[in-house]
Amino acid sequence: MPADHRLIEPKWQARWRDADLHKTIFDPARPKFYALDMFPYPSGAGLHVGHCEGYTATDIITRWKRMQGWNVLHPMGWDAFGLPAENYAIKHGVHPRLTTAQAIATFRRQIDSVGFAYDWDREVNTTDPAYVKWTQWIFLRLFRLGLAYEGTIPINWCPSCKTGLANEEVSQGRCERCGTAVERKDMRQWLLRITRYADRLLDDLAGVDWPESTLAMQRNWIGRSEGADVVFKSARPVAGREIRVFTTRPDTLFGATYLVLSPEHALVDELTTADRRAAVTAYQQQARQKSDLERTDLAKDKTGAFTGATALNPVDGREVPIWIADYVLNTYGTGAIMAVPAHDERDFAFATKFGIPIIQVVAPTDGSQPSVLGGAVAGAVTGAFTGEGLAVNSGALDGLPTAEAKRRIIVDLEKRGVGKATVSYRLRDWVFSRQRYWGEPIPIVHCSVDGPVPVPEKDLPVRLPEVERYAPTGTGESPLAAIESWVATQCPKCGGPARRETNTMPQWAGSCWYYLRYLDPKNPERLFDATVEKQWMPVDLYVGGAEHAVLHLLYARFWHKVLFDLGVVTTTEPFKKLRHQGTVLAYSYQDGMGRYHELADVELRAGKPVLKANGEPLKQAVEKMAKSKLNGVNPDDVIAEYGADVMRLYEMFMGEFELPKPWDPRAIEGCNRFLKRLWRLVEEFDGARAPGGDPHRTLRHKTIKRVTADLERMQFNTAIAAMMEYLNGLTSGGFDASSGNGPTREDILTLVKLAGPFAPHLGDEAWEHLGEKGFLIQASWPTYEESLTVDATATIGVQVDGKVRGTVEIARDASDAEARAAALGVANVAKHLEGRTIAKFIYKPGRIIGIVTAAA
């Protein structure tokens, strides 16, 4: 009878649990493999099948590695602090700790139901006081190193969540969590000096195996630029005020026709003339309502306000107007730029709109754009030339190529004391505090005598107090500020009255180092034992979503480097190899207000989606499966109908692992049929009637090689296709082993071993049915003989003058003469050689034959 997933899956999950099968054991005689899944946030909605894609991939890889004899560490835990649990608490009055515990229980039940081989003895939870203690311990190390400090800065402020947001948490000017338009607000914040590590964060990317797109995102976010700091001095209405700008193109200084200050720049108020005061103040107010990302959007219309002031260009003494514009950020560089409209597209658009002079100072070396005479006004050129070339209209620099002009101008600026060579970064210090309750308390007390003082390590962890209301005050203070009995304390340094820090850490804090706590999760004395860290680090395979390319990955690398400098860890990078699972796509439904609705609330009327309740038309789109879009497919439903093994197989068969792919319930049936046929092969096998020879030996060895190679490359879909082809080959004469072409026991055992990491429940059931001992994961991965995987002949194309004109089947080791004779024997090849002579004959064994001709 067919294997019933409703019986065999719970059966084997219980056996694995009873045998403690997935417990991590380290044998120094074997190589190690540390596989890590990105820390999940346990939401109340539970898992959807998109989450399971990455977890299934690492589970397959680690089961395969175990069968190959590796020491494997594959843990799981919970990034459990976060806004969703707190927002739920605000709305319903339920403590976040309770809803978080319920969500974790749901996640763990679902994970276990899929059959993932996690070592649950190493489970960690960022909200556990034993874990919080060490997160706070790391913060105190950052504080003592001068890497954690307080500052009052304009931050992104979500008026709905009532908390500050990092730039990365703002999407298209809105809070990425709730969708509310973000404002700017000056607030006291804790910041981490990640900028001190900018060069190392950039340079060390050369030593990791990460997707190129992710490397590019990290490089761009760090944004290292070499150039010069240049000093302009104000001329009117106030003379002599220094305005420092950073530019990567100091060679274009002669073309700087105006300056732009950020609306928040410290000199704006002093330099603005009386007649421009109202316009400038109004513009400043508008700018404060925009996020940094909105302000720097290259596609948006350029806006600005003239201050009425001027400054002197340091290279020729010309007066240039001073403007303010929101695309200049006070937190980036110096908060001021020199604008060269002839050679910067953004400056060109601004100058064209406001009628500011445009002076060309760089000419293309091919002369394709004529020089614009000094003082030419907007409209004299049609666009900015942003490339390198030869200096023009630039005094003594004229005729010099860009690189030399840069060098000469910097020497001159330094000699005159009005500039210097420097390096600038796009990376900003990390805003590391939130005005929320549900986060790690920052272990600092504020003393009127001693300032900010660290809590003694013996008093860690600083625990969150019990509160009655969780909502932020809306003034910038967290709910903790209202609990006087918790806030009022003693200064650890002088013993006088002090007040606890009431901001909490962001959700990123706990996820910055969880991969290290997995190494030794129950150690009460230290972060982890040094011996264990040397055994397992770095992480060999890290799998998670590409959306974390800037956020979590950059922050975790920063903390890791600090711990390296402290001698706590022995590797400079935490994650050796990183891979992103492709997003799983599904239909989503939005109403006219942009609110998402679940599929259960939608129906089709006249072929168009509407809300069942009121018939409101809905917009249907194919989007990434996500809780926020209410388009997730619950794995519980899939497992109930098909079983975990079928779901696992389909997750990996949908398409290439790292590419987006749609979830199609109809396509699952193909994977279901494959596993049913595999089980039938096992169930109907009779060794007494098996063929005496080994008719599938070559196919078996080729399949082992293909599946092994595909797993190395994480090409799961093609590995499954190879197993399907193997099964078809084994049953080409039917399932009857006595046909003379039926499968041998070794054929079937090989297929069971290959399929085991993908479908572990059916794998163990088949293993037991065949009379094998122990668990499949304890068996050895099958090996192959290379000689049996290479065909004696190969079919290769024959090209004539670069175009394929036919194919030939020849021995893989055929000589040049044999290859030539075979190629010339192809009728279509001979036809295209008529009237021409062979000028060159190219033969690459097993790959291609090329013929280059000349006129006869």
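Leaving aside its neighbours within four places in sequence, which residues is W559 in contact with? W559 is in contact with T135, I138, L142, L192, W430, F432, A509, C512 and W513, where contact means heavy atoms within 4.5 Å.

The model is predicted, and for this reason local features need pLDDT of at least 70 and side-chain atom pairs count only at pLDDT 80 or more, whereas totals for chains, interfaces and linings use all residues. Residues are numbered from 1 along each chain as its sequence is written, and side-chain values use heavy atoms, with hydrogens and water left out.

**Nonpolar cores**

W559 belongs to the largest nonpolar core, which has 87 residues and in which Y34, F139, W430 and W559 touch the most other members. A second, separate core of 82 residues includes I104, Y118, L681 and L776. A nonpolar core is here a set of buried Ala, Val, Leu, Ile, Met, Phe, Trp, Tyr and Cys residues joined through side-chain atoms within 4.5 Å; buried means under 20% relative accessible area, exposed over 50% and partly exposed in between, with a 1.4 Å probe and protein chains only.

**D59 in helix α2**

D59 is found in helix α2, helices being DSSP runs (H or I, at least four residues) and strands likewise (E, at least two), numbered from the N terminus. D59 counts as buried because its relative accessibility is 0%. The side chain of D59 makes a polar contact with the side chain of R63 at 2.8 Å; such a contact is a pair of N or O atoms within 3.5 Å, one able to donate a hydrogen and the other to accept it, and residues adjacent in sequence count only if both atoms are side-chain atoms. Beyond its neighbours within four places in sequence, D59 is in contact with residues including H74, F116, R648 and P757.

**Cavities**

The structure holds 5 cavities of 30 Å³ or more. On a 1 Å grid over the protein atoms alone, a cavity is a set of points where a 1.4 Å probe fits but cannot get out, and lining residues have an atom within 4 Å of a point; points are joined across faces, edges and corners, and a volume is the space filled by probe spheres set on them.

| Cavity | Volume | Elements that each supply at least two lining residues |
|---|---|---|
| Largest | about 160 Å³ | α3 (83-92), β4 (163-165) |

Of the 18 residues lining the largest cavity, G82, L83, R434, P506 and Q507 are the closest to its centre. The lining of the second largest cavity includes R63, P757 and L776.

Key
1 Å grid on protein atoms, 1.4 Å probe; cavity = no way out; pocket = protein on both sides within 12 Å on 5 of 7 lines; lining within 4 Å.
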